[in-house]
Amino acid sequence: MDVTEAPVCRARLSGWGRRPIAEAEETAPRSPSELAGQLARPYLPRGQGRSYGDAGLPAQGHRALNSVRCDRFLSFNPASGVLDAESGVTLQAILAMTVPRGYFLPVTPGTMFVSLGGAVASNVHGKNHHGSGSLEHFLIEVEVSTPAGTFTCSREARPDLFLATVGGYGLTGFITRVKLRLKPIDSAQVETLRLRAPGLDSLFALFAKHDKGYEYSVAWLDTLSRGRALGRGVLMLGNHAPASGRGKAQDLERREKARLKVPFSMPAFLLNRPGLTAFNAAIYRFSPAGAAREGFEKFFYPLDYLRGWNRLYGKAGFFQYQFVIPDPKGEEGMTAALEMLARDRLGASLSVLKRCGDDEVMLPFCKRGYTLALDVPYRGQATLDALDRLDELVLRYGGRVYLTKDARLKPAAFRAMYPEAKGWMETVRRYNPEARSNSLLAERLELWRT
Ligand SMILES: Cc1cc2nc3c(=O)[nH]c(=O)nc-3n(C[C@H](O)[C@H](O)[C@H](O)COP(=O)(O)OP(=O)(O)OC[C@H]3O[C@@H](n4cnc5c(N)ncnc54)[C@H](O)[C@@H]3O)c2cc1C
C-alpha cells in the first residue's frame with residue numbers, strides 16, 4: 001500500500017465535560033493509506049469528542065487519531081437495512097441517509113453528533129436498553145486495525161477481539177469499518193406520552209407500569225428536590241409512530257429545526273444552588289404532560305438543538321456522573337443515591353434516569369436495573385470528595401460508573417466495580433501488547449497494571 005502522511009497539528013483537547021484538558025498532537029487521516037501511515041506511532045483513536053471525560057484523550061506522548069475524515073458510506077441494503085460504513089460517519093449522517101429510506105438506528109445515545117466508531121467503542125445504550133440492549137446486539141462485524149494486524153471480527157470470527165473492542169474505549173486499536181443492522185420504521189415521527197411523577201416511588205411505579213407498552217422510556221429527574229418531592233420527575237415514553245396514511249415519502253420526511261448556539265461560557269455565579277433549584281422547579285412544573293406525535297429529533301435529541309450547551313457549566317467544566325445500580329437493589333440504591341445528592345447539594349439540572357438490561361461485552365457497563373446520569377458542575381476539591389462518597393455508595397449497592405462519561409474515578413474503585421477488567425485487559429494486551437493505543441483514562445485507572 002502507498003503510505004502517505006496526514007497533516008499533524010498541536011491541539012488542546014477535551015471531552016464534552018471540558019475537563020481535563022490535554023495538549024497533544026492530532027491528525028485526521030483522509031484515507032486508509034494515510035491511516036496506515038499513522039498506526040506505527042503511539043496514538044489514540046478519537047471521534048467527535050463527545051465522551052465527557054478522558055476516554056478520548058491520548059496518553060502522554062500519544063497522538064489523537066481522529067476519524068472525522070474517514071466518513072464514507074460503503075454500502076446500504078434497503079431491503080435488509082444492513083449498513084456498512086467507515087467509522088468516522090456520524091449518527092446524524094446515518095439518520096439523514098436512512099430515515100427517508102425507512103430505517104432508524106437500532107440504538108442511539110442522547111446526541112446524534114457522535115461517530116459510529118465512538119459509539120461502538122463505548123457500546124452505547126439508549127432509551128430502549130431494557131428491551132433491546134446496547135449497540136453490540138446490532139453489529140454484524142467490525143474491522144479493527146490493531147498493533148498486531150488488521151482484522152474483521154464479529155461474535156463468530158475472532159469473538160475475543162470483537163467483545164474486547166466493543167465497549168473497549170479504543171484500546172485494542174482503531175476501528176476502521178462497522179457493519180450493522182438498522183431498524184425498519186414507517187415514519188419519522190414518534191408517538192410520545194409524558195407523565196409527571198411527584199416523587200421517586202411514583203416514578204418507579206410509572207416505569208414498571210409502562211415499560212412493556214413502550215419501546216423507549218427515560219425520565220428527567222429533579223436531583224435537587226428534597227423530602228417528599230425527592231426524585232420528582234417527568235417520565236417520557238415513546239414508540240415509533242405508524243404510517244399516517246399521507247404516503248410513505250411524506251411520513252418519512254424530516255423537518256430540521258433551527259439550532260441555537262450558546263455563545264460563551266456561563267459565568268459561575270449563575271450556576272449557584274438557588275438558580276439551579278428554581279430552574280429545576282420550573283422544568284418540573286411547566287413540562288408539557290400528555291400524549292403527542294412529534295419528530296424523532298425532539299424526542300431523541302432535545303439537547304442537540306442547543307449547540308455548545310456544555311458551556312452552560314462555565315469555564316471550569318463539569319463531570320457527568322453516570323452509574324447503574326443492578327436489581328434487586330436498583331430502587332433502594334437509587335433512593336439512597338438521591339438522598340446523598342440532595343444532602344451533598346451535588347445535582348444539577350440535567351439528570352436522566354433509565355431502566356437497563358445486561359450488556360454482554362467483556363467490559364460491560366449496563367446491568368439490569370436503574371441507571372442515573374447527572375451533570376455535576378466542577379467546584380474544586382469538594383466536588384471530587386462528594387463524588388468519591390457517591391462511588392462508595394454505588395459500590396455498596398453492587399453498581400458501577402460509566403467510563404465514557406468518567407474523568408475522576410480512582411483505580412481501586414474501578415477494580416471493585418469492574419471485576420471483568422482483568423480478563424478484558426488480557427485480550428487487549430494480546431492485540432496491543434505495548435500500549436501503542438493508549439488514553440489518559442487507561443493511565444488514570446492503571447489499566448495496564450490490571
Ligand atoms: C449530549 C450527550 C448525550 C449522550 N447520551 C448517551 C447515551 O444516552 N448513551 C450512551 O451510551 N452514551 C451517551 N453519550 C456518550 C457518547 O455517546 C459516547 O461517549 C460516544 O463514545 C462518543 O462518540 P465520539 O465519536 O464523540 O467519540 P470520542 O468521544 O471521540 O471517543 C470516545 C471513545 O471512543 C474511542 N473511539 C472513538 N473513535 C474510535 C475508533 N474509530 N476506533 C476505536 N476507538 C474509537 C475513543 O478512543 C474513546 O475511548 C452522550 C454524550 C453526549 C455529549
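Biologist: How many Å lie between the centres of domain 1 and domain 2?

Modeller: Taken over C-alpha atoms, the two centres are 24 Å apart. The model is a predicted one: local features need pLDDT of at least 70, side-chain atom pairs count only at pLDDT 80 or more, and totals for chains, interfaces and linings use all residues. Residues are numbered from 1 along each chain as its sequence is written.

Biologist: Where do the two domains lie in the protein chain?

Modeller: Domain 1 covers 73–185 and domain 2 covers 189–409. These bounds come from an automatic or database domain assignment.

Biologist: How many residues of domain 1 are in contact with domain 2?

Modeller: There are 27 of them, and they meet 26 residues of domain 2. A contact here requires the C-beta atoms of two residues, placed from the backbone, to lie within 7 Å. On the domain 1 side, α4 (129–132) and α5 (159–165) are the elements that give two or more residues, and α4 gives the most, with three. The residues of that side divide into 10 nonpolar, 15 polar and two charged. In this scheme Ala, Val, Leu, Ile, Met, Phe, Trp, Tyr, Cys and Pro are nonpolar, Asp, Glu, Lys and Arg are charged, and the others, Gly among them, are polar.

Biologist: You mention helices by name. How many helices and strands does the protein chain have?

Modeller: It has 14 helices and 21 strands.

Biologist: What makes the radius of gyration of the protein chain agree with that of a compact globule?

Modeller: A compact globule of 450 residues would come out near 22 Å, and the protein chain has 21 Å, so the two agree. The radius is taken over C-alpha atoms, and the globule rule is 2.2 Å times the number of residues to the power 0.38. The C-alpha trace spans about 65 × 60 × 45 Å along its principal axes. Of the contacts with a separation of 6 or more, 74% join residues 24 or more positions apart.

Biologist: Why is Leu105 called buried?

Modeller: Leu105 has 24 other C-beta atoms within 10 Å, so it counts as buried. The rule, with C-beta atoms placed from the backbone, is 20 or more others within 10 Å for buried, 12 or fewer for exposed, and partly exposed in between. Leu105 sits in the loop between β7 and α3. Beyond its neighbours within four places in sequence, Leu105 is in contact with Leu91, Ile94, Leu95 and Leu182.

Biologist: How do you know that the buried residues of α2 are on the same side?

Modeller: In helix α2 (residues 91–98), the buried residues are Leu91, Ile94, Leu95 and Thr98. They cover an arc of only 95° around the axis, which puts them on the same side of α2. The arc is that of the directions from the helix axis to the C-beta atoms. These buried residues pack against β5 (73–77), β6 (82–86), β7 (103–104) and α3.

Biologist: What makes Arg158 partly exposed?

Modeller: Arg158 has 18 other C-beta atoms within 10 Å, so it is partly exposed. It lies in the loop between β9 (149–153) and α5, and its phi is near 45°, a positive value in a residue other than glycine.

Biologist: And why does Glu446 count as partly exposed?

Modeller: Glu446 has 13 C-beta neighbours inside 10 Å, so it is partly exposed. Glu446 also has a positive phi, about 55°, although it is not a glycine, and it lies in the segment after α14 (440–444).

Biologist: Which residues are joined by a cis peptide bond with omega about 0°?

Modeller: Those are Arg19 and Pro20, with Pro20 in the loop between β1 (8–14) and β2 (21–27). A cis peptide bond with omega about 5° joins Asp327 and Pro328, and Pro328 lies in the loop between β18 (318–326) and α10 (330–344).

Biologist: Lastly, how many residues surround the ligand?

Modeller: There are 34, and the closest are Gly47, Pro109, Gly117, Gly118 and Gly170. The shell divides into 13 nonpolar, 19 polar and two charged residues.

Notes: A residue is near a molecule or strand if its C-beta atom, placed from the backbone, lies within 6 Å of it. Helices (H or I, at least four residues) and strands (E, at least two) are DSSP runs, numbered from the N terminus.
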